[in-house]
Amino acid sequence: MSIAATSPHATGFTGWLSRAEAWLDEKGKGAWIALLVVSLIVFWPLGLALLAYMIWSRKMTCHSHKFRRHHRRTGGTGNAAFDAYREETLLRLEEEQQNFEAFLKRLRDARDKAEFDQFIDERAAKVDDTDADTKPA
């Protein structure tokens, strides 16, 4: 969308549409649904076009990844044995992930220490070389 179309002072058909879309976004999903229902009743091709736009622009999707993960985890299948197995497996995988992340941290710390030790050794060697060069024989 161009800057002129999103400007509050935009004129013409695209400016009107962008202002209407912004107004509906401010009102929330309920306003979009109400507009869809009214447009389907008044002129069904317009309603279908609006529905296609809402699907294409993802106006009605849930953007919360945490919500999907929480919903997936707490939603039971109705089979107690499977739900217990799934929960146990998820806990085991989370523990393995934490262990792996701790392992990676130890590797990074060891690499950092090795690089620091190398720096200190090189610095000490430079200081020894400059001291040897400046001392009279």
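These legends go with several close-up views of a predicted model.

Residue numbers start at 1 in each chain and follow the sequence as written, and side-chain values use heavy atoms, without hydrogens or water. Since this is a prediction, local features need pLDDT of at least 70 and side-chain atom pairs count only at pLDDT 80 or more, while totals for chains, interfaces and linings use all residues.

View 1. Starting at the N terminus, the elements go α-α-α-α-α-α. Helices (H or I, at least four residues) and strands (E, at least two) are DSSP runs, numbered from the N terminus. Of the 137 residues, 12% count as buried; buried is under 20% relative accessible area, exposed is over 50%, and partly exposed is in between (1.4 Å probe, protein chains only). Take the contacts between residues at least 6 apart in sequence, and 20% of them join residues at least 24 apart. A contact here is heavy atoms within 4.5 Å.

**View 2. Helix H3 packs against helix H4, with their axes coming within 6 Å.** H3 covers residues 29-42 and H4 covers residues 44-56, and the two cross at roughly 150°. Axes are lines fitted to C-alpha atoms over the stretch in contact, with angles from 0 to 180 degrees between N-to-C directions. On the H3 side, look for Trp32, Leu35, Leu36, Ser39, Leu40 and Val42; they meet H4 residues including Leu46, Gly47, Leu50 and Tyr53. By class, this contact has twelve nonpolar, two polar and no charged residues. Nonpolar means Ala, Val, Leu, Ile, Met, Phe, Trp, Tyr, Cys and Pro; charged means Asp, Glu, Lys and Arg; the others, Gly among them, are polar.

**View 3. Trp32 and Tyr53 form a tilted aromatic pair.** Their rings sit 6.1 Å centre to centre, with 35° between the planes. Rings of Phe, Tyr and Trp (its six-membered ring) pair with centres within 6.5 Å; planes under 30 degrees apart are stacked, over 60 edge-to-face, the rest tilted. Trp32 belongs to H3 and Tyr53 to H4, so the pair ties together parts 21 residues apart in sequence. Trp32 is buried at 4% relative accessible area, whereas Tyr53 is partly exposed at 27%.

**View 4. Trp32, Tyr53 and Trp56 are linked into a cluster by ring pairs.** Tyr53 and Trp56 have ring centres 6.2 Å apart and planes at 45°, so this pair is tilted. Both residues lie in H4, three residues apart, so about one helical turn separates them. Trp56 is exposed, with a relative accessible area of 69%.
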